[in-house]
Amino acid sequence: MRLKIFWDSGALTGLELPAGRAIEMILGIPVEVEENGILLSGYYAGRRQYDAQKILHHLQMFKRKHVISGYILLVTPRDLFVRGTDFVFGLARESTGVAVVSTARLRNEFYQREDNEDLLLSRISTEGAHEAGHLLGLDHCSDSQCIMFPPETLDQLDGKKKGLCLVCTALLQGIYRPPVIDSIR
Ligand SMILES: [Zn+2]
Ligand SMILES: [Zn+2]
């Protein structure tokens, strides 16, 4: 199964291909990147945020309508929340194979720190691989350096390595088998 990344305009052009490659390396699945063509709904003017559940619902409908069999990960600059939280970095719905990641709080400028594109790329890759990891069937992990660790702060996110821990790697090998490429007989 492959992962399609829908890259929203405004989520910094130029980072989509390196981010796609990094996610491909971390999870070992084929990744394709394309420009996002879906209009986002679920904006709450009072919070100036988008409801991540509504975005996932929208992605799910798009996936069904266009008969996309792989997973979809939307990368958007819009700030996201789910009911009962102040914000979320991202959200995944394993049952339907759709996920979303926001770059809004991954940028240094959000915290009045100096912008850093390398750090931003690293964070998008880490957070993107985390949500895509959920799509592949992985749960949260207690190893703070593992991709599947749920970070609550940017510093926790930055503390993660660009990979899965040994336990999650073994789990992934058990639940996900990469497509076999036909060999010449
Ligand atoms: Zn998670
Ligand atoms: Zn782990």
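The predicted model contains an open sheet of 5 strands in the order 2-1-5-8-7, with mixed pairing (two strands pair if DSSP finds at least two bridges between them; helices, H or I of at least four residues, and strands, E of at least two, are DSSP runs numbered from the N terminus). Strand 2 and strand 7 (90-93) stand at the edges with a single partner strand each, so one side of each lacks a neighbour in the sheet. The twist averages 15 degrees from one strand to the next (axes are lines fitted to C-alpha atoms, for helices over the stretch in contact, and angles run from 0 to 180 degrees between N-to-C directions). Strands 1 and 2 run parallel and are joined by 5 bridges. Leu3 has Val31 of strand 2 as its bridge partner.

Helix 2 (residues 52-65) packs on the sheet and touches strand 5 (71-76), strand 7 and strand 8 (98-102). Its direction makes about 135 degrees with that of strand 8. Helix 3 also packs on the sheet, touching strands 1, 5, 7 and 8, at about 160 degrees to the direction of strand 8. Contact requires C-beta atoms, placed from the backbone, within 7 Å.

The buried residues of helix 1 include Ala19, Ile23 and Leu27 (buried: 20 or more other C-beta atoms within 10 Å of a residue's own). These buried residues pack against strand 1 (3-7), strand 2 (31-35) and helix 3 (117-135). Gly28 follows helix 1, with a positive phi near 70 degrees.

Residues are numbered from 1 along each chain as its sequence is written, with chains lettered from A and ligands numbered from 1 in the order written. In this predicted model, local features need pLDDT of at least 70 and side-chain atom pairs count only at pLDDT 80 or more, whereas totals for chains, interfaces and linings use all residues.

Terms used
A residue is buried if 20 or more other C-beta atoms lie within 10 Å of its own, exposed if 12 or fewer, and partly exposed in between; C-beta atoms are placed from the backbone. Two residues are in contact if their C-beta atoms, placed from the backbone, lie within 7 Å.
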